[in-house]
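Please read this briefing with the model open beside it. The points are grouped by topic.

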Amino acid sequence: MSLDTSQAVHYHLGKFPPGQLDLGRLMPGLLNATAALARYDQMLRSLHNSELFLAPLRGQEAVVSSRMEGTISTLDEILQLEAEYDDDDASASLEFRSDAIETLLYRRALNTAQSRLEQGQSLSESLLKSIHRQLLSFGRGAGKSPGAYKHEQNYIGERGSRKVSFVPIAPEHLSGGMEALFRLVGDGAMPVLLRTALAHAEFEALHPFEDGNGRVGRMLITLMLWQDKAIAAPHFYISRYFEDNKDEYLDRLRHVSSQNDWDGWCEFFFVAVEKQAIRNLDAAQSISDFYDEMKPRFTDLLASKYAVTALDYLFTNPVFSNSRFTRSAGIPPQTAARFTRVLLHEGLLQVVREAAGRRPAIYRFESLMKRVRV
């Protein structure tokens, strides 16, 4: 059965970058988004270790962004998978659903991108291909050319339907399209939020890969803001707003091609940044306050110079295996084992899975998880 493209919107060939934007219309939203993002960034800069406090939120971003593509998993599920799954040991993955593994790969791909940029690599086509290769290294996307651009026309529509809502750029025009996109990405004369808005919409319209475009496109937002120093650390996650307003998000993207309405898309994007910055700020503050609350409690309960080290480990790994804790937390194994017993007794840890044979016990720092679940 052939696809129905009769009502589809087609890519805006030859109309990127947009020739003229209504800056008078866009300026209020741009200023509001910039101010909200600056407040969030100030919070990031005040944290002694933003990676420590916001690592759980990165997992939640992976869950929500993947869910927008029909991959259903929970934060608990992917953190348990991560607790058991070593990079060099794929056997544990046989126990988990492919959706959870795909979501974990999103989280790891974002970590990889962060590492590459920290090492001085620029945001480029090569980096996006590397992210895509890792993202689709396992699961349903593994047979869809990980790390390579599409060679055949792809289409966007409802899953399971033959009706096409959008036809991205044709493969023969993709090379020029990607070059134009990255010229804009590197255009430092344009405000970074405006540039990021245009780049995200264009990437989604190009749809350069056979699969995984939505997830890579949302990563691009965080990476652009970080590379251009709009945020001090790569911890700005916008997928929740896009999911909550998914119909408008998709309509605004389609109107870019069907109506040349870049202004409408940019207005929507600026509101998304503003609202999500406020939400992210509240979440980061909640996690930071909870850390301050737990620090003296851990010190009193554990009565050890390693008490704060243990607390930091649990904030970074709120679901963990007992064997990995004793091996990787930087705490003597006997001391770490005692810490686990004390924290369990005090109700600060919950048992996810009891130890059985060679399988270690899995624990969850439930009080933190309550603050980061959606």
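How many residues lie between β2 and β3 in the hairpin that they form? There are 6 residues between β2 and β3, and G160 in the turn has a positive phi of about 85°.

This is a predicted model, in which local features need pLDDT of at least 70 and side-chain atom pairs count only at pLDDT 80 or more, while totals for chains, interfaces and linings use all residues. Residues are numbered from 1 along each chain as its sequence is written, and side-chain values use heavy atoms, with hydrogens and water left out. Helices (H or I, at least four residues) and strands (E, at least two) are DSSP runs, numbered from the N terminus.

**Confidence**

- The average pLDDT (the predictor's confidence in each residue, from 0 to 100) is 87 for the chain, and 91% of the residues score at least 70.
- Among the elements of the chain, the highest mean pLDDT, 98, belongs to helix α7 (residues 192-206), and the lowest, 70, to helix α2 (residues 50-67).
- Residues 87-94 have a pLDDT below 50, and this stretch has 7 contacts in the model beyond near neighbours in sequence; a contact means heavy atoms within 4.5 Å.
- Where pLDDT is low, the predicted coordinates should not be read in detail.

- β2 pairs with strand β3 (residues 164-167) in the antiparallel sense over 2 bridges.
- In that pairing, I156 has F166 of β3 as its bridge partner, and G157 stands opposite V164 of β3.
- β1 and β3 run parallel and are joined by 2 bridges; V9 stands opposite F166 in β3.

**Sheet with β4, β5 and β6**

- Another open sheet of 3 strands has the order β4-β6-β5 and antiparallel pairing.
- Its edge strands, each pairing on one side only, are β4 (319-321) and β5 (350-353).
- From one strand to the next, the twist averages 35°.
- β5 and strand β6 (residues 362-364) are antiparallel and pair over 3 bridges, and Q350 has R364 in β6 as its bridge partner.

- Two packed helices are described by the angle between their axes and the distance between the axes.
- Axes are lines fitted to C-alpha atoms, for helices over the stretch in contact, and angles run from 0 to 180 degrees between N-to-C directions.
- The axes of α7 and α8 come within 9 Å and cross at roughly 165°.
- The two helices α7 and α8 are therefore roughly antiparallel; angles under 35 degrees count as roughly parallel, over 145 as roughly antiparallel, 65 to 115 as roughly perpendicular and the rest as oblique.
- The crossing of α7 and α8 is right-handed; a crossing is left-handed if the near helix is turned anticlockwise from the far one by less than a right angle, and right-handed if clockwise.
- The contact includes V192, L193, A199 and F203 of α7 and V216, L220, I221 and M224 of α8.
- By class, the contact of α7 with α8 has 9 nonpolar, 5 polar and 3 charged residues; Ala, Val, Leu, Ile, Met, Phe, Trp, Tyr, Cys and Pro count as nonpolar, Asp, Glu, Lys and Arg as charged, and the others, Gly among them, as polar.

- Helix α11 (residues 262-302) and helix α12 (residues 307-316) have axes that come within 9 Å and cross at roughly 140°, so α11 and α12 are oblique to each other.
- Their contact includes F290, M294 and F298 of α11 and V308, L311 and F315 of α12, and its residues divide into 12 nonpolar, 1 polar and 2 charged.
- The axes of α11 and helix α14 (residues 333-345) come within 10 Å and cross at roughly 115°, which makes α11 roughly perpendicular to α14.
- F298, L301 and L302 of α11 meet R338, F339, V342 and L343 of α14; this contact has 6 nonpolar, no polar and 1 charged residue.

**Backbone details**

- F16 and P17 are joined by a cis peptide bond with omega about -5°, and P17 lies in the loop between β1 (9-10) and α1 (23-46).
- H207, a residue other than glycine, has a positive phi near 45° and is found in the loop between α7 and α8 (213-227).

Technical notes. Two strands pair if DSSP finds at least two bridges between them.
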